[in-house]
Every structure is written in structure tokens, then in C-alpha cells.
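Hi everyone, thanks for making time for this one. I'd like to walk you through a structure on the screen, so let me bring it up.

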Amino acid sequence: MSSATATATKTPPAAPAAPAAGTSAHDAGLLLLRVVLGLTVAAHGTQKLFGWFGGGGISGTGQFFTATGYPAGDAMAALAGLTETLGGLGLALGLLTPLAGAAVTGTMINALAVHGTGAFFAPKGMEYELLLAAAAAALTLTGPGCHAVDRLLPVPALRTHRLALGAQALALGVVLAAVTLLIRN
């Protein structure tokens with residue numbers, strides 16, 4: 001066999017495979033997004049609940065809720081504060097991530113409705129709430145990555161997050177947001 005024939009029959013080297021989901025870079029990115037988004041939303045919740053970080057607390061936030069058409073302003077302030085605080089902490093930890101992400105998404109849908117769509121950019125715009133809602137929805141659909149408390153729980157659906165689980169949780173968050181908006185005057 002000649003060297004030309006031997007060269008022609010060699011198979012070319014395989015191209016490197018694309019990184020699969022679940023690589024360390026993918027998981028590090030999800031961890032960063034979860035922690036920053038989760039702690040940001042949780043801080044907003046503590047503004048409503050405790051008046052921390054310059055927030056209005058239950059009574060100040062309750063007055064705002066009443067002025068924007070929600071019944072029982074103090075109760076709605078407590079509900080929003082708890083949802084943001086617990087949902088945000090859940091995202092940051094990667095704990096019950098589909099539900100935490102759906103809770104934050106639903107809360108941000110209400111924030112978008114209250115804030116209105118008069119402008120996109122701050123200070124009267126909606127880009128901040130839209131970004132938080134989209135990021136929470138994305139985490140609800142993708143799952144938390146490997147660096148999450150969900151991976152330690154004895155619930156297989158949480159350990160091996162599936163798109164269907166995220167979509168169901170997101171649908172629940174959207175429906176609950178819609179119900180909340182329907183009770184608004």
C-alpha cells in the first residue's frame with residue numbers, strides 16, 4: 001500500500017464536542033444568576049416586610065397597595081413581601097427552584113401591571129421589573145444547575161429538573177398573578 005493510499009484512508013480527527021448542559025461553566029453561570037437575582041428580590045421583600053433598606057414596611061407598602069387599587073393593602077403588602085423574600089431566598093439557594101422562580105415571576109407580573117407600560121426606561125419605565133420577571137422565568141424553565149440545594153433533596157423531579165416541571169410551575173405563577181390582578185380595582 002502506498003503512502004498516498006494510506007493517507008487517503010485515514011479518518012480525519014473528530015471535531016471537539018460542544019459542551020453539554022450541566023458543564024461547570026453552565027452551572028457557574030446559573031449559580032451567579034440565581035444568587036444575584038434571588039438576593040436582589042429578597043432585599044425588596046424585606047423592604048416591604050420590615051422597612052429595611054429604606055423600605056416602607058408593612059404599613060407604608062400597604063398604603064401604596066391600597067392607593068394602586070388592591071384591597072386590604074396591609075395584607076397584600078405582607079403577601080408581596082413574603083413572596084419576594086421567600087422566593088428570592090429560594091432562588092439564591094436553589095431551593096424548590098421551580099416554585100421560587102414562579103413566585104418571583106408572578107410578583108413581577110403584578111409589579112409590571114402596577115408600574116404600567118407608559119415608558120420602558122427608568123425612572124418611570126418598566127425595564128427593571130421586566131428584567132427580573134424574565135430572569136426568574138428563565139431560571140424556572142432551566143432549573144438551578146448543579147450547585148443548588150434542590151440537588152440534595154430526596155425529590156427526583158427537583159434533582160433532575162425537566163422543562164415540563166418548570167413550565168408547569170411558571171403557568172401556576174402566571175395564573176396566580178392573574179387572579180391577584182383580577183381582585184385589584
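Let's start with the aromatic rings: a search through the whole structure turns up five aromatic pairs. Please keep in mind that this is a predicted model.

Take F64 and F65. Their ring centres are 6.0 Å apart and their planes meet at 80°, so this is an edge-to-face pair. How exposed or buried are these two? F64 has a relative accessible area of 45%, which makes it partly exposed, whereas F65, at 10%, is buried. F65 also pairs with Y70: here the centres are 5.2 Å apart and the planes are at 65°, so the pair is again counted as edge-to-face. Y70 is buried as well, with a relative accessible area of 4%.

There is also a ring cluster, in which ring pairs link F50, W52 and F53. Is F53 buried or exposed? With a relative accessible area of 60%, F53 is exposed.

While we are on backbone angles, L96 is another non-glycine with a positive phi, about 50° in this case. You'll find L96 in the loop between α4 and α5. Its relative accessibility is 40%, so L96 counts as partly exposed.

Now let me step back to the whole chain. There are eight helices and zero strands, so the run of elements from the N terminus reads α-α-α-α-α-α-α-α. The chain has 185 residues, and 36% of them count as buried. If you take the contacts with a separation of 6 or more, 63% of them are between residues 24 or more positions apart. The accessible surface of the chain is about 10200 Å², and carbon and sulfur atoms hold 73% of that.

Next, the helix I'd like you to look at is α5, residues 97–115.

Which residues of α5 are buried? The list is T97, P98, A100, G101, A102, V104, T105, G106, T107, M108, N110 and L112. And what do the buried residues of α5 pack against? Their partners are α2 (24–50), α4 (73–93), α6 (127–142), α7 (156–159) and α8 (163–182).

In soluble globular proteins, nonpolar side chains tend to be buried together. Here, the largest nonpolar core has 14 residues, and L37, L91 and V104 are those with the most contacts inside it. Two or more residues of this core come from each of α2, α5 and α6. Which element gives the largest share? That would be α6, with five residues.

To zoom in on L37: leaving aside its neighbours within four places in sequence, L37 is in contact with L91, L132, A135, A136 and L139. There is also a second, separate core of five residues, and among its members are Y70, M76, A77 and A80.

My last stop is T85, in helix α4. T85 is buried, with a relative accessible area of 10%. What does its side chain reach? The side chain of T85 comes to 2.8 Å from the backbone oxygen of G81. Setting aside neighbours within four places in sequence, T85 is also in contact with A42, G45, T46 and L49.

So, to recap for the notes: we have a chain of eight helices and zero strands, a largest nonpolar core of 14 residues, and five aromatic pairs.

Conventions. Residues are numbered from 1 along each chain as its sequence is written. This is a predicted model: local features need pLDDT of at least 70, side-chain atom pairs count only at pLDDT 80 or more; totals for chains, interfaces and linings use all residues. Side-chain values use heavy atoms; hydrogens and water are left out. Buried means under 20% relative accessible area, exposed over 50%, partly exposed in between (1.4 Å probe, protein chains only). Helices (H or I, at least four residues) and strands (E, at least two) are DSSP runs, numbered from the N terminus. Contact means heavy atoms within 4.5 Å. A nonpolar core is a set of buried Ala, Val, Leu, Ile, Met, Phe, Trp, Tyr and Cys residues joined through side-chain atoms within 4.5 Å. Accessible areas come from the Shrake-Rupley method with a 1.4 Å probe; for residues, only the protein chains shown count as cover. Rings of Phe, Tyr and Trp (its six-membered ring) pair if their centres lie within 6.5 Å; planes under 30 degrees apart count as stacked, over 60 as edge-to-face and the rest as tilted. A polar contact is a pair of N or O atoms within 3.5 Å; within protein, one must be able to donate a hydrogen and the other to accept it, and residues adjacent in sequence count only if both atoms are side-chain atoms.
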